[in-house]
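This report describes a protein model for a reader who is new to structural analysis. Please keep the sequence and the structure in view while reading.

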Amino acid sequence: MYTRKEERKKIHRDTIENQEIVKELVRIIVQYYKTERNVSFYAEKLHLSPQHLSTTVKKVTGKTLTDILSSFIIRDAQAKLRSTDMTVQEIAYSLNFSDISFFGKYFKRYTGMSPKQYRNM
């Protein structure tokens with residue numbers, strides 16, 4: 001049984017550990033988000049179970065790992081749509097979407113508009 005002070009220290013230690021896991025996760029996501037979208041991949045990189053990683057991410061950020069990965073992908077797509085002459089198909093392929101139709105639906109799910117509409121706004 002912990003005393004209150006010991007319990008607070010343990011909670012603080014756990015919080016710091018969880019924040020470190022998320023920091024390392026973000027570093028790995030930056031490196032691999034274009035090709036890896038599976039929770040298991042990131043869990044393995046961090047030597048954690050997928051469940052533990054998912055729970056930790058949700059606890060620290062309030063978001064799911066899938067939401068975080070999607071935000072990286074969408075931000076990259078938006079930047080390319082705004083600042084390059086790449087076609088939507090080229091952008092889709094650069095983000096490892098093998099099907100331009102799926103990319104369009106994915107983009108629209110997160111932004112509320114098609115890639116073409118986003119580029120033309």
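## Overall dimensions

The protein has a radius of gyration of 18 Å, whereas a compact globule of 121 residues would have one near 14 Å. This radius is taken over C-alpha atoms, and the globule rule is 2.2 Å times the number of residues to the power 0.38. Along the principal axes, the C-alpha atoms fill a box of roughly 60 × 30 × 20 Å.

The model is predicted: local features need pLDDT of at least 70 and side-chain atom pairs count only at pLDDT 80 or more, while totals for chains, interfaces and linings use all residues. Residues are numbered from 1 along each chain as its sequence is written, and side-chain values use heavy atoms, with hydrogens and water left out.

## Elements and surface

The protein contains seven helices and zero strands. Helices (H or I, at least four residues) and strands (E, at least two) are DSSP runs, numbered from the N terminus. From that terminus on, the order of elements is α-α-α-α-α-α-α.

Of the 121 residues, 30% count as buried. Buried means under 20% relative accessible area, exposed means over 50%, and partly exposed lies in between (1.4 Å probe, protein chains only). The protein exposes about 8100 Å², of which carbon and sulfur atoms supply 53%; accessible areas come from the Shrake-Rupley method with a 1.4 Å probe, and for residues only the protein chains shown count as cover. Among contacts (heavy atoms within 4.5 Å) between residues at least 6 apart in sequence, 54% join residues at least 24 apart.

## Helix α6

Helix α6 consists of twelve residues, 100–111. The expected span of a helix is 1.5 Å times one less than its number of residues. For α6 this gives 16 Å, which agrees with the 16 Å between its end C-alpha atoms.

Which residues of α6 are buried? They are F103, Y106 and F107. These residues cover an arc of only 95° around the axis, which puts them on the same side of α6; the arc is that of the directions from the helix axis to the C-beta atoms. An α-helix has 3.6 residues a turn, so residues three or four places apart point the same way. On the other side of α6, K105 and R109 are exposed. The cover over the buried residues includes α4 (65–83), α5 (88–94) and α7 (115–120).

At the start of α6, a side-chain oxygen of D99 comes within 2.8 Å of the backbone nitrogen of S101. Just after the helix, G112 adopts a positive phi of about 85°.

Apart from neighbours within four places in sequence, Q78 is in contact with F107, T111 and Y118.

Q51 belongs to helix α3 (residues 50–61). Q51 has a relative accessible area of 57% and is therefore exposed. The C-alpha atoms of Q51 and D76 are separated by 27 Å, and these residues are 25 residues apart along the chain.

M86 is located in the loop between α4 and α5. With 24% relative accessibility, M86 counts as partly exposed. Not counting residues up to four places away in sequence, M86 touches K80, I91, S94 and R119. Between the C-alpha atoms of M86 and F97, eleven residues apart along the chain, the separation is 15 Å.

Methods
Polar contact = N/O pair within 3.5 Å; in protein donor to acceptor, adjacent residues only side chain to side chain.
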